Amino acid sequence: MTKYFIFITFLLLALVFSCNGRYLSMKTELDSINALAESNADSAAQLLEDMREEIKGAPQELIMYYDLIGVKTDDKRLIRHTSDTLIIRVAEFFENKDEDGHLPEAYYYVGRANSDMNNSDKALFYYYKAMQCDSNLVTGHLKSRIYAQTGYIYLRNFLFEDAKNMQEMAYFYCKAESDTLGMRYCKEDISTISILEDSVKVDSTQIKATLLKIMQIKEKNSEPTRCILADHVALKPMV
């Protein structure tokens, strides 16, 4: 009986170590795919497709990571977001369990989904939430993308000065990360905003209404850690 018990215990331990090893291997593979998505989203998407069946039996944290990378690769391939349901679920999971620091990027992609769906209020809300995360988790590269996307929302609302401020901050972080391509895009955006500012006439009432919305969004995010973006938004007085 004792020998049988030892044998069963040995088998169970072997099974546990085998599963842990397989999941560790899957996480390493997902890390590689996530890195690849930055430069070659098409190849990253194909690798994710190859893992589709295997990931179904993985722990929930790996499944959520897989889904996050999937949303990211679609965004990188310029596939327009039509829903935020999946990425909201991912963000909510990482709010409760995030050992590897994926929450800021999850928030960013909730913002991206809502930007694509022309839901500017919700997009700004989640961009701000991303910037409120632990500063050790919000990389310079992610900051540059958040500032750039925030700038595009301001531009769509004819807030030219604030849009330029955001692109200048995006440029700052691109430069800090030695992202020469990002720096070039930021310069082009700043130039475009200046041209539009000189050529477009905007109703001041519309601007005031938009600024009021932005201030309300910031108030909703007024948690103990201040919203970093607010430090760099030159809001005009509403008179």
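How many of the 17 residues of H7 are buried? Select H7 and the count is 14, so that the helix is mostly covered, where buried means under 20% relative accessible area, exposed over 50% and partly exposed in between, with a 1.4 Å probe and protein chains only.

Before going further, note that this is a predicted model, in which local features need pLDDT of at least 70 and side-chain atom pairs count only at pLDDT 80 or more, while totals for chains, interfaces and linings use all residues. Residues are numbered from 1 along each chain as its sequence is written, and side-chain values use heavy atoms, with hydrogens and water left out.

H7 covers residues 140–156 and reaches 25 Å from its first C-alpha to its last, close to the 24 Å expected at 1.5 Å a residue, that expectation being 1.5 Å times one less than the number of residues. Helices are DSSP runs of H or I with at least four residues, numbered from the N terminus. Just after H7, select phenylalanine 158, which takes a positive phi of about 65 degrees.

Next, select glutamine 167 in helix H8 (residues 160–176), a residue that counts as buried at 0% relative accessibility. A polar atom of its side chain lies 3.1 Å from the backbone oxygen of alanine 148. With contact taken as heavy atoms within 4.5 Å, glutamine 167 touches residues including Ala148, Tyr152 and Cys186, not counting residues up to four places away in sequence.

Finally, select the cysteines: the structure holds zero disulfides, a disulfide being a pair of cysteine sulfur atoms within 2.5 Å. For cysteine 174, the nearest cysteine sulfur, that of cysteine 186, is 4.2 Å away, and cysteine 174 counts as buried at 5% relative accessibility.

Terms used:
Helices (H or I, at least four residues) and strands (E, at least two) are DSSP runs, numbered from the N terminus. A polar contact is a pair of N or O atoms within 3.5 Å; within protein, one must be able to donate a hydrogen and the other to accept it, and residues adjacent in sequence count only if both atoms are side-chain atoms.
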